[in-house]
Amino acid sequence: QVQLVDSGGGLVQPGGSLTLSCEASGSKLNINVMAWYRQVPGKQRELVARISSDGSTSYADSVKGRFTVSRDNAKNTASLQMKNLKPEDTAVYSCNAVLMLGAMRFDYWGQGTQVTVSS
């Protein structure tokens with residue numbers, strides 16, 4: 001079992017910055033992928049950024065060049081640095097951790113943190 005706690009959301013003006021944090025805990029952690037998703041009421045959850053255990057990253061087109069995902073494998077933490085925020089970035093952001101045990105995939109989720117971009 002893996003428990004995720006994400007934090008760092010808040011209210012920020014357009015053009016501002018926020019950094020979200022995710023801390024994973026549990027026994028025998030070997031997290032393959034850590035990712036950030038976001039969801040707006042009435043819309044599908046969207047993958048924002050992901051980072052593999054080898055450090056390779058990928059981003060949604062809408063956040064490329066503005067968001068940076070990172071992780072510390074030793075501490076089992078991940079961060080999402082968000083710059084030049086736009087009103088359309090407003091959403092609940094959730095941390096996701098993927099563990100692969102052979103062919104079996106296990107997904108774990110944080111509780112979510114609200115990001116509101118508004119003047």
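Strands here are DSSP runs of E at least two residues long, numbered from the N terminus. With that in hand, this predicted model reads along the sequence as β-β-β-β-β-β-β-β-β-β-β. That makes eleven strands and zero helices in the protein chain.

**Overall build**

What radius of gyration does the protein chain have, and what would a compact globule with 119 residues have? The chain comes out at 14 Å, which agrees with the value near 14 Å for such a globule. Laid along the principal axes, the C-alpha atoms fill a box of roughly 45 × 25 × 20 Å.

Of the 119 residues, 39% are buried. The protein chain exposes about 6600 Å², and 48% of that comes from carbon and sulfur atoms. Take the contacts between residues at least 6 apart in sequence: 52% of them join residues at least 24 apart. As for charge, there are 12 positive and 9 negative ones, and their mean positions sit 2 Å from each other.

**The disulfide**

The count comes to one disulfide. Cys22 and Cys95 are the partners, with an S to S distance of 2.0 Å. Cys22 belongs to strand β3 (residues 18-26) and Cys95 to strand β9 (residues 91-101), so the bond ties together parts that are 73 residues apart in sequence. Is this pair buried or exposed? Both Cys22 and Cys95 are buried. The torsion about their S-S bond is about -80°, so this disulfide is left-handed.

| Residue | Relative accessibility | Class |
|---|---|---|
| Asn76 | 18% | buried |
| Asn84 | 44% | partly exposed |
| Asp89 | 1% | buried |
| Ser62 | 36% | partly exposed |

Start with the two asparagines. Most residues other than glycine have a negative phi. Asn76 has a positive phi of about 55° even though it is not a glycine. You'll find Asn76 in the loop between β7 (67-72) and β8 (77-82). Why does Asn76 count as buried? Buried means under 20% relative accessible area, and Asn76 has 18% relative accessibility, so it falls in that class.

Asn84 also has a positive phi, near 45°, and is a residue other than glycine. Its place is the loop between β8 and β9. At 44% relative accessibility, Asn84 counts as partly exposed.

Asp89 is in the loop between β8 and β9 too. With a relative accessible area of 1%, Asp89 is buried. Which residues does Asp89 contact, leaving aside its neighbours within four places in sequence? The list is Arg38, Arg66, Phe67, Asn84, Val115 and Val117. Asp89 and Pro14 are 75 residues apart in sequence, yet their C-alpha atoms are 9.5 Å apart in space.

Ser62 gives another view of sequence against space. It is in the loop between β6 (57-59) and β7. Ser62 and Ala74 are twelve residues apart in sequence, while C-alpha to C-alpha they are 30 Å apart. Once neighbours within four places in sequence are left aside, Ser62 is in contact with Arg38 and Glu46.

Technical notes
Residues are numbered from 1 along each chain as its sequence is written. This is a predicted model: local features need pLDDT of at least 70, side-chain atom pairs count only at pLDDT 80 or more; totals for chains, interfaces and linings use all residues. Side-chain values use heavy atoms; hydrogens and water are left out. Helices (H or I, at least four residues) and strands (E, at least two) are DSSP runs, numbered from the N terminus. The radius of gyration is taken over C-alpha atoms; the globule rule is 2.2 Å times the number of residues to the power 0.38. Buried means under 20% relative accessible area, exposed over 50%, partly exposed in between (1.4 Å probe, protein chains only). Contact means heavy atoms within 4.5 Å. Accessible areas come from the Shrake-Rupley method with a 1.4 Å probe; for residues, only the protein chains shown count as cover. Lys and Arg count as positive and Asp and Glu as negative; His and the chain ends are not counted. The place of a charge is taken as NZ of Lys, CZ of Arg, CG of Asp or CD of Glu. A disulfide is a pair of cysteine sulfur atoms within 2.5 Å.
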